[in-house]
Structure formats: C-alpha cells, structure tokens
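Let's walk through this model together, with an eye on its charged side chains.

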Amino acid sequence: MMGLPQMDRRWHGKFLPEATLTGPESRGSSPIRIDRDSESRESPGVPGLYPVGEGAGYAGGIVSAAVDGLRTAKAIVAKYAAMK
C-alpha cells in the first residue's frame, strides 16, 4: 500500500492526480482470486476497483490475463459510454 504514495512523491505530486488509470504490478505470481461482479467487473464493496489478471485465480497465464484485462476494459468503457 505504500508504493503508490512513494511514486507520487518521486513525481512531485503529479502521478496520482493526473492518472487516468493506476495499476500496480508485482513481480511474483500468486494463486489468489479477487471477487468481482461478473457483469460490471468491479470488486464488490470497492467501487472503482477493477481487479484484472491476478495469478491462477482468474487468469492463469499471460494470454488469459490479457483477455481478462480486455474484458474489464470493455466493461469500463460501456459503463461510462452509458453515462453520456
């Protein structure tokens, strides 16, 4: 939880406020599964959090992680397109 504030300080307060998307990534893989709504792809109880590509929990590999991210990106675009 400390990585993003540290990066923001290194960018002199311009990293987080100007971010369109912030996606921390770790170097390891973990067989975790973060709950998400099947339609909106959001994590229940944490509005605006869209977990994607996490270890063997949902993704399982590089290609399936990319497809997982693509599906979530499409759900986000559809959500905000409907608001216009």
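A salt bridge here is a side-chain nitrogen of Lys or Arg within 4 Å of a carboxyl oxygen of Asp or Glu. Side chains of opposite charge can pair when their charged atoms come close. By that definition, the structure holds three salt bridges.

Before we visit them, a word on the ground rules. This is a predicted model, in which local features need pLDDT of at least 70 and side-chain atom pairs count only at pLDDT 80 or more, while totals for chains, interfaces and linings use all residues. Residues are numbered from 1 along each chain as its sequence is written, and side-chain values use heavy atoms, with hydrogens and water left out.

Start at D68, which pairs with R36 in a salt bridge whose closest N and O atoms are 2.8 Å apart. D68 belongs to helix 3 (residues 62–81), whereas R36 sits in the loop between helix 1 (3–10) and helix 2 (55–59), so this pair ties together parts that are 32 residues apart in sequence. Helices are DSSP runs of H or I with at least four residues, numbered from the N terminus. D68 is buried at 7% relative accessibility, and R36 is buried too, with a relative accessible area of 10%. Buried means under 20% relative accessible area, exposed means over 50%, and partly exposed is in between, using a 1.4 Å probe and protein chains only.

R41 forms a salt bridge with D68, and here the closest N and O atoms are 2.4 Å apart. Because R41 lies in the loop between helix 1 and helix 2 and D68 in helix 3, the pair links parts that are 27 residues apart in sequence. Both R41 and D68 are buried.

Next, follow helix 3 to K79. The side chains of K79 and E42 meet in a salt bridge at 3.7 Å, N to O. K79 is in helix 3 and E42 in the loop between helix 1 and helix 2, so this pair joins parts that are 37 residues apart in sequence. K79 is partly exposed at 31% relative accessibility, while E42 is buried at 15% relative accessible area. Salt bridges that share partners bring R36, R41 and D68 into one network.

Finish at T72, another residue placed in helix 3. T72 is buried, with a relative accessibility of 2%. Which residues does T72 contact, leaving aside its neighbours within four places in sequence? They are R41, Y50, P51 and V52, where contact means heavy atoms within 4.5 Å.

Note on methods: Helix = DSSP H or I, 4+ residues; strand = E, 2+ residues; numbered from the N terminus.
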